[in-house]
Amino acid sequence: MKEEEITFEKLPKAVAYLIKEMTELRSLVESEKKIVPKDRKPIDINTASQLILKSKNTIYEYVRKGKIPCYKAGRKLYFYEDELLNWIGSYKKKTHGELMEEIHNEMTSKRSRFKRY
């Protein structure tokens, strides 16, 4: 609806327009909501500390630096167990065999790029 002066006669049309816009906004917001599975419950920092075997101070530092997945509601931090376990898994140290294979693949790909024709 264009910006125009709303008179008493135009009031029903303006209200109908606002209702239509609110309905569209509501549907957009509801489609954006992330649905948390019922069995997935947040844990507090004490439980997170026990789960990942780190002190609360270390966890607070990781949160401040943005290194660990967390959620904040008010002044309280929350975590999800599956996210913390995935976070720990992302720091897997490569085995000697994996490193050697990676080096071999890198060297082979570089050789093929620099072959003379």
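A salt bridge is defined here as a side-chain nitrogen of Lys or Arg within 4 Å of a carboxyl oxygen of Asp or Glu. This is a predicted model, in which local features need pLDDT of at least 70 and side-chain atom pairs count only at pLDDT 80 or more, while totals for chains, interfaces and linings use all residues. Residues are numbered from 1 along each chain as its sequence is written, and side-chain values use heavy atoms, with hydrogens and water left out.

**Overview**

Begin with a cartoon of the whole chain. The protein has five helices and three strands, and from the N terminus on the order of elements is α-β-α-α-β-β-α-α. Helices (H or I, at least four residues) and strands (E, at least two) are DSSP runs, numbered from the N terminus. Next, display the surface: the protein exposes about 10,800 Å², of which carbon and sulfur atoms supply 57%. Accessible areas come from the Shrake-Rupley method with a 1.4 Å probe, and for residues only the protein chains shown count as cover. Of the 117 residues, 13% are buried. Buried means under 20% relative accessible area, exposed means over 50%, and partly exposed lies in between (1.4 Å probe, protein chains only).

**First stop: the sheet**

Select the strands. They form an open sheet of three strands in the order β1-β3-β2, with antiparallel pairing; two strands pair if DSSP finds at least two bridges between them. The edge strands are β1 and β2 (71-73), each of which pairs on one side only.

Now zoom in on β2 and strand β3 (residues 76-80), which run antiparallel and are joined by three bridges. Ala-73 stands opposite Lys-76 in β3. The helix α4 packs on the sheet and touches β1, β2 and β3, and its direction makes about 70° with that of β3. Contact means heavy atoms within 4.5 Å; axes are lines fitted to C-alpha atoms, for helices over the stretch in contact, and angles run from 0 to 180 degrees between N-to-C directions.

Stay with β2 and β3, which form a hairpin with two residues between them. Select Gly-74 in the turn, where phi is positive, at about 70°. On the side of β1, the pairing with β3 is antiparallel over two bridges, and Pro-42 has Tyr-80 in β3 as its bridge partner.

**Second stop: the salt bridges**

Which residues join Arg-40 in a network of salt bridges? Show side chains for Asp-82 and Glu-83, which are linked with Arg-40 in that network. The closest N and O atoms are 3.2 Å apart for Asp-82 and Arg-40. Asp-82 lies in helix α4 (residues 81-89) and Arg-40 in the loop between α1 (11-32) and β1 (42-43), so this pair ties together parts that are 42 residues apart in sequence. For Arg-40 and Glu-83, the closest N and O atoms are 2.7 Å apart. Glu-83 also lies in helix α4, so its pairing with Arg-40 in the loop ties together parts that are 43 residues apart in sequence. Colour by accessibility: Asp-82 is partly exposed at 36%, and Arg-40 is partly exposed at 22%.

The structure holds six salt bridges. For another, select Lys-92 and Glu-98, whose side chains meet at 3.1 Å, N to O. Lys-92 is exposed, at 55% relative accessible area, whereas Glu-98 is partly exposed at 34%.

Select Ser-49 in helix α2 (residues 45-52). Is Ser-49 buried or exposed? At 15% relative accessibility, Ser-49 counts as buried. Leaving aside residues up to four places away in sequence, Ser-49 touches Lys-54, Ser-55, Lys-56 and Ile-59.

Move on to Leu-53, in the loop between α2 and α3 (56-65). Although Leu-53 is not a glycine, its phi is positive, at about 60°. Leu-53 counts as exposed, with 74% relative accessibility.

**Last stop: a nonpolar patch**

Finally, select Ile-6, Phe-8, Leu-11, Val-15 and Ile-19, which make a nonpolar surface patch of about 520 Å². Patches are made of residues with over 30% relative accessible area and no salt bridge; like charges are joined within 9 Å, and nonpolar side chains (Val, Leu, Ile, Met, Phe, Trp, Tyr) within 5 Å.
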